Number of protein chains: 2
Amino acid sequence: MSLTIKIHVTANFGLNLQTVRQKKFANYNVRVRPRPIYSSNPLTVYQPKMSTDSVSVKSASSVIKSSLIEPDGGALVDLVVPENERGPKTIEAESMPKVNLTKIDLEWAHVISEGWASPLRGFMRENEYLQSLHFNSVKLGDGNIVNMSLPIVLAIDDETKDRIGSSTNVGLVGPSGDLIGILRSIEIYKHNKEERIARTWGTTAPGLPYVEEVITPAGNWLIGGDLEVLQPIKYNDGLDHYRLSPKKLRKEFDSRQADAVFAFQLRNPVHNGHALLMNDTRRRLLEMGYKNPILLLHPLGGFTKADDVPLDVRMEQHSEVLAAGVLDPETTIVAIFPSPMHYAGPTEVQWHAKARINAGANFYIVGRDPAGMGHPTEKRDLYDPDHGKKVLSMAPGLEKLNILPFRVAAYDTVAQKMAFFDPSRAKDFLFISGTKFLGGCTGKIFSPGFKFALSYMKMRTYARTGENPPDGFMCPGGWKVLVKYYESLQAEDATQQPAILTS
Amino acid sequence: MSLTIKIHVTANFGLNLQTVRQKKFANYNVRVRPRPIYSSNPLTVYQPKMSTDSVSVKSASSVIKSSLIEPDGGALVDLVVPENERGPKTIEAESMPKVNLTKIDLEWAHVISEGWASPLRGFMRENEYLQSLHFNSVKLGDGNIVNMSLPIVLAIDDETKDRIGSSTNVGLVGPSGDLIGILRSIEIYKHNKEERIARTWGTTAPGLPYVEEVITPAGNWLIGGDLEVLQPIKYNDGLDHYRLSPKKLRKEFDSRQADAVFAFQLRNPVHNGHALLMNDTRRRLLEMGYKNPILLLHPLGGFTKADDVPLDVRMEQHSEVLAAGVLDPETTIVAIFPSPMHYAGPTEVQWHAKARINAGANFYIVGRDPAGMGHPTEKRDLYDPDHGKKVLSMAPGLEKLNILPFRVAAYDTVAQKMAFFDPSRAKDFLFISGTKFLGGCTGKIFSPGFKFALSYMKMRTYARTGENPPDGFMCPGGWKVLVKYYESLQAEDATQQPAILTS
């Protein structure tokens with residue numbers, strides 16, 4: 001069995017930073033942000049660039065206030081009812097018609113209530129929904145545009161609609177039966193599922209995880225309005241302390257006196273390829289003149305598809321990575337991003353970036369095929385793996401965020417560690433080819449590409465056969481967490497399908 | 001057989017204009033344009049409104065120059081090679097690898113070459129394509145946004161791609177074998193048909209006319225680049241004199257000293273309901289203080305689906321309408337809009353409006369379900385009939401255009417003419433119900449809705465049975481043109497399917 005490892009983790013923004021460095025803007029407060037390339041010809045269509053020249057430097061005179069980047073709309077939305085109003089508002093909510101939330105609806109209520117989707121103040125009304133669906137952005141009252149690529153909507157069925165009747169406000173009931181909030185000045189409009197799916201995912205093929213889990217079983221109406229949640233949303237799963245709101249994250253960045261925050265979105269275990277990228281990003285930010293860049297290691301904590309590694313396992317694995325010093329706990333904040341996952345590629349990566357603006361990150365790292373997956377019915381990536389970062393670099397409302405695209409890293413057999421791929425000695429690098437280990441996976445074939453996820457397919461094979469991954473692939477503590485998880489899966493498989501197990 | 005006629009042609013922008021009138025801005029040069037409603041709360045999300053308050057008045061001091069509205073990007077694109085360069089460029093083009101254009105590709109080349117899609121200077125490169133697909137707009141070099149809702153792309157197959165190899169430029173060959181132009185600095189990228197269809201139409205259901213005609217048979221690559229056409233594109237179908245370029249239209253508006261131009265996009269015969277709307281629009285513009293509003297009656301002349309009335313019949317019918325004085329030839333310009341039809345509803349209506357900006361129209365009339373059709377596989381409208389005008393009013397890059405939405409008109413049995421529907425005497429109005437005449441049509445059912453197109457289904461029934469439509473529905477000359485056409489269809493049907501004809 002040939003062993004190939006190829007991991008896309010290397011930042012190619014070196015040139016960006018280099019350019020800035022060469023300009024000797026090494027002051028403490030220097031901020032870097034990408035800008036459109038302005039051509040001398042006014043008719044030249046905007047050509048976003050991913051590498052050189054895509055940064056410009058803002059005056060160093062700006063003062064670091066409560067954060068490094070303004071929330072969308074200028075102020076962070078906070079929809080948690082103040083404690084002294086909780087009693088009366090609960091009584092008020094009890095008198096309203098009720099709408100039952102699913103587990104994932106509740107995740108969205110959480111997301112909205114803490115301001116991740118600022119300036120959105122509730123589930124979308126039709127006006128916001130249509131702008132999101134058609135333009136991936138919403139125009140504010142002041143004429144400014146904010147990015148809003150995913151429809152953040154609440155579906156109800158006919159019966160609930162009838163029950164609401166002509167009421168203006170509704171009470172929201174969580175999956176456990178608790179009254180969790182209020183939606184005010186509601187608007188009910190049609191839920192055209194086919195159109196929503198087609199415009200969000202660029203396909204209507206059966207098998208999209210979020211569609212199957214959320215949209216297909218949902219009602220034929222959407223209800224928008226202004227949200228209030230009666231108290232901060234908690235999950236009581238032992239991980240709530242990781243669920244820092246944008247407000248808390250901003251406070252934390254301030255208290256650490258961060259002068260740059262770079263966010264890394266992930267939904268899989270951290271291996272040394274990721275770590276290389278994150279550490280290298282920090283090094284380069286320091287070289288640019290930032291004194292205290294902070295990494296926001298920000299695993300997604302909401303709905304994920306069944307074959308992704310569960311949140312609790314990932315959090316345990318991330319802890320090991322920090323404990324082993326692979327990432328520096330002094331300059332890293334690990335927190336959970338509470339959003340559910342759409343797997344909507346270029347559309348969703350905008351949401352992932354936009355939410356991190358609201359959390360106070362002014363740099364966002366983007367890799368190959370962000371938020372992508374295999375096509376559910378065809379043997380190919382659902383999205384062109386390069387479209388995510390291209391679309392992100394063009395997206396309306398994200399101009400103020402520094403986008404840091406990264407390219408391929410691989411396992412360097414000479415150095416016996418993850419390293420930036422060096423084409424001049426290509427033979428020294430190993431790539432995990434996904435195609436060899438597709439037995440139990442979703443039918444993805446990466447040719448010539450690759451995705452983090454596949455290495456986890458491979459890991460599962462390792463765990464099954466008792467093999468270890470190559471030295472330097474992941475810290476032993478983190479690997480142990482995964483082995484334990486994969487073994488438990490194996491045990492489960494054995495219980496459920498003893499005849500199907502193959503070597 | 002009950003007879004009901006309901007036609008959506010009445011402008012509900014009376015209130016808009018009224019508002020302006022009340023403000024006594026009755027000067028000659030007053031310009032009206034819609035603006036976002038700015039709220040005092042900066043976090044209030046933009047709420048476009050369709051009726052009152054959606055206009056603001058620009059200073060009357062601005063001078064009418066060569067046109068009433070600036071082309072997108074500031075200058076009209078004109079890609080027709082000057083006559084003195086035609087010879088050398090033809091010789092040059094002959095030496096390049098060739099790309100064959102279909103009839104519809106040629107229509108797009110025509111559209112681009114005359115600047116309808118300004119500032120687009122050729123078939124889209126990937127950068128423009130992705131922005132169009134995801135944001136319905138493109139950012140220019142100067143940071144400005146222009147609307148660009150339909151991907152205007154040229155597909156090639158593997159063989160053509162191989163033939164092009166590493167060439168930078170290609171020659172374009174029309175369907176009749178003539179060399180028609182050059183595409184320079186080309187970029188070839190993947191044509192993901194599924195994604196293009198899903199994001200453009202909001203469905204991937206089989207049976208979309210443009211998809212079946214154009215996209216499904218097309219190659220798996222798109223080729224973008226800068227277009228030059230060797231000479232103005234002509235069709236030699238006896239209608240070329242109607243095909244006025246944006247440049248010619250602007251010149252014509254100037255020579256008529258128009259101080260407002262209101263465009264009416266259509267792809268069906270004009271009946272008196274349309275005429276009522278157009279004449280009423282003119283009256284209201286006059287009331288507002290415009291001295292010389294000109295109607296651009298602008299039938300779409302490119303690809304339409306098989307059951308639409310063909311262009312030559314429509315042009316003949318439109319001539320009769322003007323000859324009969326139903327529309328005033330003195331204040332009306334009839335010209336052909338050379339674009340092919342996508343039937344992509346809210347996405348396409350933006351294109352229809354944007355192209356008319358480039359042609360110099362500063363008012364655009366939009367009705368129910370613009371560019372819509374029945375769902376190809378389900379018994380419903382493909383689009384929410386209100387989404388077109390809503391999306392149009394929100395669309396990035398169209399802020400400078402005055403959008404004039406209109407509501408329902410119907411046949412007034414008392415006055416025996418088409419009139420604005422008056423709900424207080426609803427029983428006096430007749431509506432053509434589509435549901436009764438669906439025998440030969442695409443399976444559309446409008447409940448409680450209605451569409452122009454359906455009245456043509458009904459007309460076909462009239463023509464078949466020798467019945468006349470109610471008095472006042474259409475001028476007799478125009479009706480005669482249609483009867484002749486429908487009779488010819490009937491004869492064709494009889495030849496092709498004698499056993500299927502039913503009474």
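Q: Quick one to start: which residue stands opposite B:Trp221 in β10(B)?
A: That's B:Ile156. One thing to keep in mind as we go: this is a predicted model.

Q: Noted. How many bridges join β7(B) to β10 of chain B, and do they run parallel or antiparallel?
A: Two bridges join them, and the strands run antiparallel. Strand β10 of chain B covers residues 221–229.

Q: What's the strand order in that open sheet of chain B?
A: The five strands go β4-β8-β9-β10-β7, and their pairing is mixed. At the edges sit β4 (98–100) and β7 (155–156) of chain B, each of which pairs on one side only.

Q: Which helix lies across β4, β8, β9 and β10 of chain B?
A: That's α2 of chain B, residues 83–94, and it runs at about 45° to β9(B). Another helix, α3(B), packs on the sheet too, touching β4, β9 and β10 of chain B. The direction of α3(B) makes about 50° with that of β10(B).

Q: Switching to chain A: what order do the strands of its open sheet take?
A: In chain A the order is β4-β8-β9-β10-β7, with five strands and mixed pairing. The edge strands there are β4 (98–100) and β7 (155–156), each pairing on one side only.

Q: And over how many bridges do β7(A) and β10 of chain A pair?
A: Over two, in the antiparallel sense. In this part of chain A, A:Ile156 stands opposite A:Trp221 of β10(A).

Q: What does α2 of chain A lie across?
A: Helix α2 (residues 83–94) lies across β4, β8, β9 and β10 of chain A, at about 45° to β9(A).

Q: New topic, aromatics. How many aromatic pairs are there over all chains?
A: A search of the whole structure turns up 18. Take A:Tyr210 and A:Phe303: their ring centres are 6.1 Å apart and the planes make 70°, so they pair edge-to-face.

Q: Where in the chain do those two sit?
A: A:Tyr210 is in helix α7 (residues 209–215) of chain A, while A:Phe303 is in the loop between β12 (293–299) and α10 (311–323). That puts them 93 residues apart, so the pair links distant parts of the chain.

Q: Are they buried or exposed?
A: Both A:Tyr210 and A:Phe303 are buried.

Q: Why is the pair of B:Trp116 and B:Phe337 called edge-to-face?
A: Because the ring planes are at 65°, with the centres 5.3 Å apart; the edge-to-face label applies to planes over 60 degrees apart.

Q: How many residues apart are B:Trp116 and B:Phe337?
A: They are 221 residues apart, so this pair also links distant parts of its chain. B:Trp116 is in the loop between α3 (103–113) and α4 (126–135) of chain B, and B:Phe337 is in the loop between β13 (332–334) and α11 (345–358).

Q: Is B:Trp116 buried or exposed?
A: B:Trp116 is buried, with a relative accessible area of 0%. B:Phe337 counts as buried as well, at 0% relative accessibility.

Q: What lies over the face of B:Phe337?
A: B:Arg356 does, 3.9 Å from the ring centre. In chain A, the charged end of A:Arg356 sits over the ring of A:Phe337, 3.9 Å from its centre.

Q: Which residues do ring pairs link into a cluster with A:Phe337?
A: A:Trp108, A:Trp116 and A:Trp351 join A:Phe337 in that cluster.

Q: Last topic: α8. Which residues of α8 of chain A are buried?
A: In α8 (residues 246–255) of chain A, they are A:Pro246, A:Leu249, A:Arg250 and A:Phe253. These residues cover an arc of only 100° around the axis, so they lie on the same side of α8(A).

Q: Which exposed residues does the face turned away from the buried side of α8(A) carry?
A: A:Lys247, A:Lys248, A:Lys251 and A:Ser255.

Q: And what covers the buried residues of α8(A)?
A: The cover includes β11 (260–266), β12, β13 (332–334) and α11 (345–358) of chain A.

Conventions: Residues numbered from 1 in each chain as written. Chains lettered and ligands numbered in written order. Predicted model: local features only at pLDDT ≥ 70, side-chain atom pairs only at ≥ 80, totals over all residues. Heavy atoms only, no water. Phe/Tyr/Trp six-rings, centres within 6.5 Å; stacked < 30°, edge-to-face > 60°. Helix = DSSP H or I, 4+ residues; strand = E, 2+ residues; numbered from the N terminus. Buried < 20%, exposed > 50% of the residue type's maximum accessible area, 1.4 Å probe, protein only. Lys NZ or Arg CZ within 6 Å of the ring centre and 35° of its normal. Pairing = 2+ DSSP bridges. Contact = heavy atoms within 4.5 Å. Axes fitted to C-alpha atoms, helices over the stretch in contact; angles between N-to-C directions. Arc of directions from axis to C-beta.
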